[in-house]
Amino acid sequence: MRSDEVKKGYNRAPHRSLLRATGLKDEDFDKPFIGVANSFIEIIPGHFYLNKVAEVIKDEIRKNGCVPFEFNTIGVDDGIAMGHDGMLYSLPSREIIANSIETVMNAHKLDAMIAVPNCDKIVPGMIMGALRVNVPTVFVSGGPMAAGHMSDGTPIDLATVFEGVGAYEAGEITAETLAEMECNACPSGGSCSGMFTANSMNTLMEAMGIALEGNGTILALTKEREELFRAAARRVCQLALADEETKEKFNFRNILNQNAVHNAFVIDMAMGGSSNTILHMLAIANEAGVDFNIADINEISKNVSHIAKISPSLTTVHMEDINKAGGVSAVIKEISKRGDVIKDNLTVTGESLLERVADAEILDPEIIHPIENPYSKVGGLAILFGNLAKEGCVIKTAGIVGDREFTGKAVCFNSQDEAIAGITGGKVKAGDVVVLRYEGPKGGPGMQEMLAPTSLIMGMGLGDSVALITDGRFSGATRGLSIGHVSPEAAEGGIIGLVEDGDEIYINVDTYEITLKVDEAELERRRANFKPIVKELKSRWLRQYRALVTNASKGAVLEA
């Protein structure tokens with residue numbers, strides 16, 4: 001066992017002495033040591049109950065002949081951090097989480113790991129750390145939140161509240177209605193109930209085979225979820241107690257490989273996941289040593305039908321509805337009917353992915369559409385290229401509410417705060433393209449999520465007549481013609497930094513094109529006088545991050 005390095009032999013007597021102080025007995029030193037990587041934190045709705053989840057998992061690990069050691073990672077709630085400088089710390093926290101996993105698991109030579117994430121970039125951070133450690137690992141997230149409801153029964157969620165702020169600003173709803181939204185949108189613990197970033201990543205874990213069936217859709221704080229926790233704990237013990245050949249077979253990098261990354265993007269397209277999944281999956285591919293180019297995403301999209309629409313793309317459908325309709329397995333099974341689009345691959349539970357879903361079926365064709373009746377014959381995400389984004393940019397096509405082809409005049413802002421003030425102040429009109437820059441990984445720094453500007457545009461009734469492009473990123477709750485991750489970003493000299501008010505911008509989602517209609521001679525003139533804005537930073541951590549981070553087309557990973 002890997003843990004023998006810290007617990008076997010006379011020269012490890014001091015190590016055993018310390019371990020005995022934690023409660024270990026003689027018999028425990030012959031058992032596998034299991035790391036229980038928990039992301040419990042009281043301020044995040046999807047995480048405040050994970051301390052109790054860990055007790056369930058540790059109980060099951062002990063019952064199955066192993067020794068659990070719980071440790072924690074940090075977490076940032078993107079919704080609470082949204083709209084102020086706290087969001088600058090959100091994406092950087094992914095790197096801290098990955099480093100924490102690597103540090104604890106390798107410093108103590110633990111034999112296997114069960115990881116308990118739930119929200120936003122906590123999921124990819126844990127996955128990135130697990131790839132570095134490369135021991136048998138099972139992921140089991142805390143589970144999605146139930147949808148909220150207005151007094152008339154209308155289903156609502158967090159996106160409803162953000163868009164409600166815009167509607168209130170526009171005088172379309174009363175303060176009382178906004179208050180009712182606020183009090184009812186998030187009725188319980190769990191990751192916010194739509195196909196936002198957290199639930200997107202939790203469903204993709206099923207597609208990658210690193211989590212058990214139902215991980216993405218079984219509601220939090222239910223008996224069914226508790227059984228999933230126990231099943232995951234039993235499985236990690238089976239792997240830790242297996243012979244060396246089996247353990248080697250199930251090392252994490254043997255599960256999360258080229259095929260797993262491909263399958264994640266396939267299901268992302270089929271379910272119209274958050275645009276953040278592109279950023280995180282590129283980072284995960286990088287950690288896994290998988291050769292994956294952002295342009296490959298469009299090739300996958302062309303062969304994947306979009307068959308499940310979930311909030312925010314369809315406000316009446318939430319994760320609980322997907323669960324009742326057959327879950328992620330039904331989506332995988334249905335998508336596999338379109339030919340060799342799913343790459344069969346080993347899963348952490350021992351069967352291949354296609355074996356796992358062999359008996360799955362769609363239980364509600366109004367929620368998960370059959371392949372013959374898709375929302376779209378192409379996937380719900382796309383990468384656009386052009387002089388404005390030579391290295392690509394991302395749009396959640398599943399969330400488009402207007403035309404897929406758009407030409408408009410640029411209205412430029414150099415920060416999110418400027419954009420919010422400009423939008424609420426009436427500076428943005430129908431037919432405009434909001435250009436929001438210096439919010440990328442380096443420029444922000446930290447590439448903060450920006451749900452407020454897009455929600456204001458939607459709430460003010462401009463969602464089908466205004467486009468927004470940014471080198472920053474969006475919340476998974478964003479919808480509309482919202483294009484993020486523009487690379488190169490303004491802070492590294494990208495052309496988005498050269499755009500001026502009134503410039504014409506052309507967007508065509510179906511031809512994957514985004515073009516600034518300014519001739520090259522004029523761009524060269526502007527470039528000669530261009531000096532990127534560098535924001536003053538007091539934070540030592542953010543200065544370190546800015547110095548090391550790559551742009552979004554590379555997953556915003558840190559250069560070593």
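**Loops, bridges and pockets**

Author: Gladly, and please keep in mind that this is a predicted model.

Reader: Is Tyr 438 buried or exposed?

Author: Tyr 438 belongs to the loop between strand 10 (432-436) and helix 20 (451-459). Its phi is near 60 degrees, a positive value in a residue other than glycine. Buried means under 20% relative accessible area. Tyr 438 has 3% relative accessibility, so it counts as buried.

Reader: How many residues lie between strand 13 and strand 14 in their hairpin?

Author: These two strands pair in the antiparallel sense over four bridges, and Ile 507 stands opposite Ile 514 in strand 14. In the turn, Tyr 512 has a positive phi of about 55 degrees. Tyr 512 is also buried, with a relative accessible area of 17%. The number of residues between the strands is four.

Reader: Which residue forms a salt bridge with Asp 510?

Author: Side chains of opposite charge can pair when their charged atoms come close. For Asp 510 the closest N and O atoms of the bridge are 2.8 Å apart. The pair links distant parts of the chain, 106 residues apart: Asp 510 is in the loop between strand 13 (504-508) and strand 14 (513-516), and its partner is in the loop between strand 8 (389-395) and strand 9 (405-413). That partner is partly exposed, with a relative accessible area of 29%, and its name is Arg 404.

Reader: How many salt bridges does the structure hold, and which residue does Arg 132 meet in one of them?

Author: The structure holds 30 salt bridges. In the one formed by Arg 132, N and O are 2.9 Å apart. This bridge links distant parts of the chain, with Arg 132 in helix 6 (residues 122-133) and its partner in helix 5 (residues 90-107), 30 residues apart. The partner of Arg 132 is Glu 102.

Reader: How far along helix 10 is Arg 230 from Glu 226?

Author: The side chains of Arg 230 and Glu 226 meet in a salt bridge at 3.4 Å, N to O. Residues three or four places apart in an α-helix point the same way, because there are 3.6 residues a turn. Both residues also belong to one network of salt bridges with shared partners, which includes Asp 59 and Lys 63. Along helix 10 (residues 223-241), about one turn separates the pair, which is four residues.

Reader: Which helix gives the most residues to the lining of the largest pocket?

Author: That pocket holds about 320 Å³ of space and is lined by 25 residues, with Gly 79 and Cys 192 among those nearest its centre. The C-alpha atoms of these two are separated by 9.6 Å, although they are 113 residues apart along the chain. The lining has 14 nonpolar, seven polar and four charged residues. Gly 79 lies in helix 4, and the helix that gives the most, with three residues, is helix 4.

Reader: What is the volume of the second largest pocket?

Author: Its lining has 15 residues, and among the closest to its centre are Asp 85 and Gln 448. By class, four are nonpolar, seven polar and four charged. The volume of this second largest pocket is about 260 Å³.

Note on methods: Residues are numbered from 1 along each chain as its sequence is written. This is a predicted model: local features need pLDDT of at least 70, side-chain atom pairs count only at pLDDT 80 or more; totals for chains, interfaces and linings use all residues. Side-chain values use heavy atoms; hydrogens and water are left out. A salt bridge is a side-chain nitrogen of Lys or Arg within 4 Å of a carboxyl oxygen of Asp or Glu. Buried means under 20% relative accessible area, exposed over 50%, partly exposed in between (1.4 Å probe, protein chains only). On a 1 Å grid over the protein atoms alone, a cavity is a set of points where a 1.4 Å probe fits but cannot get out, and a pocket is an open set with protein on both sides within 12 Å along at least five of seven lines; lining residues have an atom within 4 Å of a point. Grid points are joined across faces, edges and corners, and a volume is the space filled by probe spheres set on the points. Ala, Val, Leu, Ile, Met, Phe, Trp, Tyr, Cys and Pro count as nonpolar, Asp, Glu, Lys and Arg as charged, and the others, Gly among them, as polar. Two strands pair if DSSP finds at least two bridges between them.
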